[in-house]
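The sequence and the structure are shown first, and the description follows.

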Amino acid sequence: MAPAAAGLPALPAVVRDEIAEQRDSRLKWYREARFGMFIHWGVYAVPAGTWKDRHGAEWIMNQAKIPVADYRALAKDFTAVKYDPTAWAQLAADAGMKYVVITTKHHDGFALFDSAFSDWNAVKASGAKRDLISPLAAAVRARGLKFGTYYSQSQDWTNLGGGKGRDQPWDEEQKKGNFDTYLKTIALPQVRELMDKFHPDILWWDTEYSMTPERARPFFDLVTSHPHLIQNSRLGGGVLGDFRTSEQRIPASAMLGRALEVNMTINKSWGYRADDVDWKSAQQLIRNLSDIASKDGNYLLNVGPTAEGVIPQPEVDRLCAIGRWLKVNGEAIYATRGGLYLKPLDWGRTTQKADANARTTIYLHVWEWPADGKILLPDVKQPAVRGRMLADGAAVNSAVTPAGLVVTLPGVARDPDVSVAAIEFAAPVEVFGAPPMPKDLGASGTLANPSKSP
Ligand code: GLC
């Protein structure tokens, strides 16, 4: 192994033993999906943001230092009486999302499925008295979407021996037990239950605290024994995972070399908080999707349902608005690759797609419609074959100039959020002076220098 760069821990990089073609076909659907739904749902929805005079969302047990017995008592009000998994799956489909990832067990240790390894679950300990994951998995798949399970492998504030992350136990109960025993007798067997019961397409780990290579290994082996499974980069112990996550933040420029997923809330909280009404606008969310796609990433956008199982209406409204935009402009998002330029452009973003004959379409995501209708693609010196507006098919003309390709957009903005022009070329488009988009490195098993991976 190459020496670690200064400041980076010298962990062995654990990657799946597969060749690039295997990895590419395993990740194909995921790369093409571009847009998914994240669902944070659990007992923390009961206090809905406030416990006594303290506040928090899915971290409220920790932030308000709620004793284990008091927190367990909240579960009777986790009723899921209005839970309609079919409607949730339909909402994801209507929003144009291609996959759904739900918290099957968050840091509070509460499992939304029946478990033989801990009674702290929806069936045995909550007012819902039933498994909440199976019906969602079925409804999601019935709509042709993929299904992923979030699982907090290290932090578990309730089950015996579970990790407390960077915090000290706040209850005598939490001092009992042993972390390695917890991993062996609760976490690992529960992940096996997830596999057996729900056959997830994605395993979404969360928080790496205390996960050494030795502790991560059985989880890694379990996941990689399922040939199709995709996992994120949060298992810990040096496991790179298949995609890296960027939480609440869109990278400033394209991240080359590994699949990227930006996961983000619509307000400020992951779990339901009645007092958090700081909603992002539909325009912001649509532009985020455009921005992330231009950086070759997926957007995993979160909803936080109530304890009764209702997705807040402001979230529903925004998802429907994104869905309407995607119905017209989805061609510029799904199955595209990152755009022509590493850095964002003043007027908007680009994505691209090539067919089997390498004929290439560049999508111009126009955020700010130029007053004179003209957009310069700097350093592009190839003539376009044709161009059209996705909204209405209107022709888009362009001409090669010494500075690059000048595109003339017809008429006025088609959409106040993002209007898209598709410009077709006979061959892959080169941007003179820019480095080519490199092949992915992440999980191919051919990573030359792990210390250089982002
Ligand atoms: C963080 C938080 C967690 C949230 C997650 C979403 O790791 O611990 O509460 O579920 O990010 O990405």
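In the ligand site, the side chain of asparagine 263 places an N or O atom 2.6 Å from an oxygen atom of the ligand. The protein covers 92% of the 310 Å² of accessible area that the ligand has on its own. The model described here is a predicted one.

| Side chain | Ligand atom | Distance |
|---|---|---|
| Asparagine 263 | oxygen | 2.6 Å |

The strands are considered next. An open sheet is formed by eight strands with parallel pairing, in the order β7-β6-β5-β4-β1-β10-β9-β8. The edge positions belong to β7 (230-231) and β8 (243-247); each has a single partner strand, so one side of each is left without a neighbour in the sheet.

Within this sheet, strand β5 (residues 146-151) is mostly covered, with five of its six residues buried. Strand β4 (residues 99-105) pairs with β5 in the parallel sense over six bridges. Across this pairing, lysine 105 has tyrosine 151 of β5 as its bridge partner, and isoleucine 102 stands opposite threonine 149 of β5.

Strand β5 is also joined to strand β6 (residues 202-205), by four bridges, and these two strands run parallel. Here tyrosine 150 has tryptophan 204 of β6 as its bridge partner. Between β5 and β6 the chain passes through helix α7 (residues 179-198), and this β-α-β crossover is right-handed.

Is alanine 75 buried or exposed? Alanine 75 lies in the loop between α3 (68-74) and α4 (85-94). Its relative accessibility is 0%, and buried means under 20%, so alanine 75 counts as buried. The C-alpha atom of alanine 75 is separated by 9.6 Å from that of alanine 45, and the two residues are 30 residues apart along the chain.

Definitions and conventions
Residues are numbered from 1 along each chain as its sequence is written. This is a predicted model: local features need pLDDT of at least 70, side-chain atom pairs count only at pLDDT 80 or more; totals for chains, interfaces and linings use all residues. Side-chain values use heavy atoms; hydrogens and water are left out. A polar contact is a pair of N or O atoms within 3.5 Å; within protein, one must be able to donate a hydrogen and the other to accept it, and residues adjacent in sequence count only if both atoms are side-chain atoms. Accessible areas come from the Shrake-Rupley method with a 1.4 Å probe; for residues, only the protein chains shown count as cover. Buried means under 20% relative accessible area, exposed over 50%, partly exposed in between (1.4 Å probe, protein chains only). Two strands pair if DSSP finds at least two bridges between them. A crossover is right-handed if, with the strands pointing away from the viewer, the path from the first strand over the helix to the second runs clockwise.
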